[in-house]
Amino acid sequence: MTQHQRLLIIDFGSQVTQLIARRLRELSVYCEIHPYQQVDDAFLAEFAPKAIILSGGPDSVTRIGSPRPPKSVFTLGVPVLGICYGQQVMMQELGGLVETGHGTAEFGRAYVTPAADRLPLLDGWFNGADGREQVWMSHGDHVSRIAPGFQVFGTSPGAPFAITADPSRNFFAVQFHPEVHHTPNGAKLYENFVRLAGFTGDWTMASYKDEAIARIREQVGDKQVICGLSGGVDSSVAAVLIHEAIGDQLTCVFVDHGLLRLNEAEEVVTMFRDNYNIPLIHADEADLFLGELDGVSDPETKRKIIGRLFIDVFQKYASQIDGAEFLAQGTLYPDVIESVSFSGGPSVTIKSHHNVGGLPEKMGLKLVEPLRELFKDEVRALGRELRLPEKFIGRHPFPGPGLAIRCPGEITREKLEILRRADAVYIDQIRRHGLYDDIWQAFAAILPMRTVGVMGDGRTYDFALALRAVTSVDGMTADYYPFTHEFLGETSTRIINEVRGINRVFYDCTSKPPGTIELE
């Protein structure tokens with residue numbers, strides 16, 4: 001466990017609990033999310049939080065058996081902030097009352113007005129012309145009587161106790177969600193809370209890098225480590241960090257499955273061999289993967305084939321490394337959080353990753369996961385500390401199955417080659433227009449259809465191409481990027497003129513939900 005000042009987030013099952021952690025990490029505060037039933041007196045004593053946040057959740061505190069934090073949360077003497085369900089459970093546990101109904105449910109945008117005295121938690125709030133603050137509500141129950149010692153500091157039409165606090169004990173409670181985008185001044189509330197709790201902002205990637213290197217050296221000793229390198233941000237940062245720690249005790253295995261983008265294999269291999277001198281095995285297994293995918297059109301079958309072959313190939317090359325006892329993975333903190341749901345069991349919503357499932361058990365290796373405390377943006381910051389080239393740090397996410405899921409229907413070498421060239425033109429257009437860093441992910445997909453066209457004086461019957469670009473924070477939700485019609489027209493013209501085999505281009509303007517980011 002890290003030795004930084006620590007803030008504990010007790011999770012009651014909110015869909016946006018991760019956003020709380022992200023807001024705090026942005027303030028250079030180290031925090032961890034733990035499901036409520038994992039938090040008992042012994043846990044609190046070991047974790048020694050400097051402050052605690054109680055998250056929202058879908059349950060009702062009026063229900064017998066609903067989730068509760070341990071009573072010692074309120075006797076530790078540290079600041080506590082309750083959010084939505086967290087506010088209600090705080091009130092209920094400390095002598096207040098929560099009720100259901102009575103026309104006080106609120107879902108969506110609401111406006112809070114100040115009440116009573118000023119509260120340091122709300123410094124920077126209520127400064128607008130109308131004296132109100134926009135917030136995001138999502139509650140059916142409401143606090144009908146605040147606990148002894150609390151005062152009201154903000155109200156909304158559906159929540160007469162929208163903001164309450166007992167300043168003498170540093171207990172704060174809000175009915176809304178300050179972590180979401182629709183509470184514009186929410187980040188300021190978190191900033192005030194950690195200031196009141198005495199956090200000094202000691203969580204930086206510079207310090208994390210040094211600590212992680214020391215931990216890797218202690219864990220690995222003089223043993224060998226193998227790392228599956230995809231060329232993405234996570235595996236690249238993990239590889240460079242481990243190499244700084246143990247040098248040539250690390251060997252990377254780059255599995256080229258023939259489903260990569262244009263020149264991608266060469267770029268990844270060149271970067272690592274020329275810049276880092278990391279021992280690297282380039283496993284060119286395109287014929288194997290494409291052979292087994294021949295004639296397969298079902299998306300889930302594609303994923304299973306690729307996942308199985310990846311494990312087999314990786315195991316084959318890893319067995320050639322004498323004395324390998326550790327497997328390095330680019331596991332991130334969201335993967336750790338999502339591996340256990342707030343109800344304490346495995347989450348049913350977690351997607352499997354091609355480079356994680358089954359490898360440790362099949363190969364008998366111990367895991368090295370130096371990024372498991374980090375969010376994606378922190379991994380990018382760590383990559384800059386490690387001086388990785390910016391073109392790798394800022395890369396858009398690329399799926400493990402690669403172009404296989406951007407090629408709906410059967411996969412052929414012809415379609416893959418057309419797709420690679422069309423995708424390269426599309427990304428080049430985005431970079432030329434200075435839009436790459438504004439977009440979370442952008443790619444082309446070749447559709448399982450041919451359309452009639454006219455080029456010159458001749459008839460064509462070629463593939464149609466779909467272009468996709470989305471904005472997002474974490475990939476869990478996304479909105480399509482609003483390109484101008486001029487950009488789309490220029491890009492379509494370039495693709496059709498420069499890529500033989502495409503005669504029609506579509507732009508996908510579906511958000512997530514209801515769609516997904518990838519087509520398959």
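Arg468 is buried, at 2% relative accessible area. Keep in mind that this is a predicted model. What does Arg468 pair with? Its salt-bridge partner is Asp508, and the closest N and O atoms are 3.5 Å apart. Now look at where the two residues sit. Arg468 is in strand β18, residues 458-471, while Asp508 is in the segment after β20, so this pair ties together parts that are 40 residues apart in sequence. Is Asp508 buried or partly exposed? Partly exposed, at 21% relative accessibility. The cut-off matters here, because buried means under 20%. Asp508, at 21%, therefore counts as partly exposed, and Arg468, at 2%, counts as buried.

Next, helix α14. This helix covers residues 413-432. Asp428 and Arg432 form a salt bridge between their side chains, 2.9 Å from N to O. How are they placed in the helix? They are four residues apart, so about one helical turn separates them. Asp428 is partly exposed, at 27% relative accessibility. Arg432 is exposed, at 60%.

Asp130 has a relative accessible area of 48%, which makes it partly exposed. Arg132 is partly exposed too. Its value is 36%.

Now step back from single pairs. How many salt bridges does the structure hold? The count is 30. Some of the charged residues are joined in a network. Which residues does that network link? Asp222, Lys223, Glu325 and Lys366, through salt bridges.

Last stop, and a change of topic: Pro389. This proline lies in a loop. On one side of the loop is α12, residues 376-385. On the other is α13, residues 390-393. Pro389 is partly exposed, with a relative accessible area of 26%. What does Pro389 touch, once neighbours within four places in sequence are set aside? Met271 and Tyr276. Take Met271. In sequence, Pro389 and Met271 are 118 residues apart. In space, their C-alpha atoms are 8.6 Å apart.

To recap the pairs. Asp508 with Arg468, at 3.5 Å. Asp428 with Arg432, at 2.9 Å.

Definitions and conventions
Residues numbered from 1 in each chain as written. Predicted model: local features only at pLDDT ≥ 70, side-chain atom pairs only at ≥ 80, totals over all residues. Heavy atoms only, no water. Salt bridge = Lys/Arg side-chain N within 4 Å of Asp/Glu carboxyl O. Buried < 20%, exposed > 50% of the residue type's maximum accessible area, 1.4 Å probe, protein only. Helix = DSSP H or I, 4+ residues; strand = E, 2+ residues; numbered from the N terminus. Contact = heavy atoms within 4.5 Å.
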